[in-house]
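Work through the exercises below with the sequence and the 3D structure at hand. Each task is followed by a solution in steps.

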Amino acid sequence: MWWGLRCALTFLGDLLLSDGMGDPGIQWTVEKRFRVTEVFLAILWCFASAYLSYFFTDCLMSRWLVFYTPSATVVRLLTTNALIAYITNCVLYLSGASQDPRMLLPAWVSIATTLTMLYHLTHRKINIRKETSASRVVFSIASFLSLCTLLLQLHLTRDNDPTVPLFEMMRQAWAWGYRALHVQAACT
């Protein structure tokens, strides 16, 4: 979760600490919108990776408890978790995500993909339909949300598209909420 905290702080820094954020009259640049979207999706994939890592180690632990003593199982779990943490750190470093937040999304997608493949390779001989379907659901939800968010981002960056009523209503609601908050803050 340490790496997820870094993603979340980068996201909050981009979202809240930039000039004029929250003011509906000031528009974000295309680069800024893509950066915030990429970091948000990196957070999503980071949580998906954490969930998949939990299922991976949980199923290994269930199998190990049958064959080994609890103390030997704990040692194996600690070793597995240390190995996963080290490999995650290496992937984040080698992908360039340590220096550039734009590389967080591809790094976390590759980490989640690797964990999903490892999970299915190590557990294909065991009849665990519940966990297997859960890992597919996690991966599918993260993929779907990434796709929808990136398509929305592409749509918002076009200059010649007709106005979409839903987006226009959302912009008006944002402006109304912003004015209401500032009026209330001015009254206090």
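Along the sequence, the protein chain reads α-α-α-α-α-α, where helices (H or I, at least four residues) and strands (E, at least two) are DSSP runs, numbered from the N terminus. The model is predicted: local features need pLDDT of at least 70, side-chain atom pairs count only at pLDDT 80 or more, and totals for chains, interfaces and linings use all residues. Residues are numbered from 1 along each chain as its sequence is written, and side-chain values use heavy atoms, with hydrogens and water left out.

**Exercise 1. State how many helices and strands the protein chain has, and what share of its residues is buried.**

Step 1. The protein chain has six helices and zero strands.
Step 2. Of its 188 residues, 30% are buried (under 20% relative accessible area; exposed is over 50%, partly exposed in between; 1.4 Å probe, protein chains only).

**Exercise 2. Describe how helix H3 packs against helix H4.**

Step 1. Two packed helices are described by the angle between their axes and the distance between the axes.
Step 2. For H3 (residues 70-94) and H4 (residues 104-122) the angle is about 145 degrees and the axes are 9 Å apart. Axes are lines fitted to C-alpha atoms, for helices over the stretch in contact, and angles run from 0 to 180 degrees between N-to-C directions.
Step 3. Contact (heavy atoms within 4.5 Å) is made by Thr88, Val91 and Leu92 of H3 with Leu104, Ala107, Trp108, Ser110 and Ile111 of H4.
Step 4. Sorted by type, these residues are six nonpolar, two polar and no charged. Ala, Val, Leu, Ile, Met, Phe, Trp, Tyr, Cys and Pro count as nonpolar, Asp, Glu, Lys and Arg as charged, and the others, Gly among them, as polar.

**Exercise 3. Describe the ring pair of Tyr51 and Phe55.**

Step 1. Both residues lie in helix H2 (residues 30-67), four residues apart, about one turn of the helix.
Step 2. The Tyr51 and Phe55 rings are 4.9 Å apart centre to centre with 90 degrees between the planes, an edge-to-face pair. Rings of Phe, Tyr and Trp (its six-membered ring) pair if their centres lie within 6.5 Å; planes under 30 degrees apart count as stacked, over 60 as edge-to-face and the rest as tilted.
Step 3. Tyr51 is partly exposed, at 39% relative accessible area, whereas Phe55 is buried, at 9%.
Step 4. The structure holds two aromatic pairs, and ring pairs link Tyr51, Tyr54 and Phe55 into a cluster.
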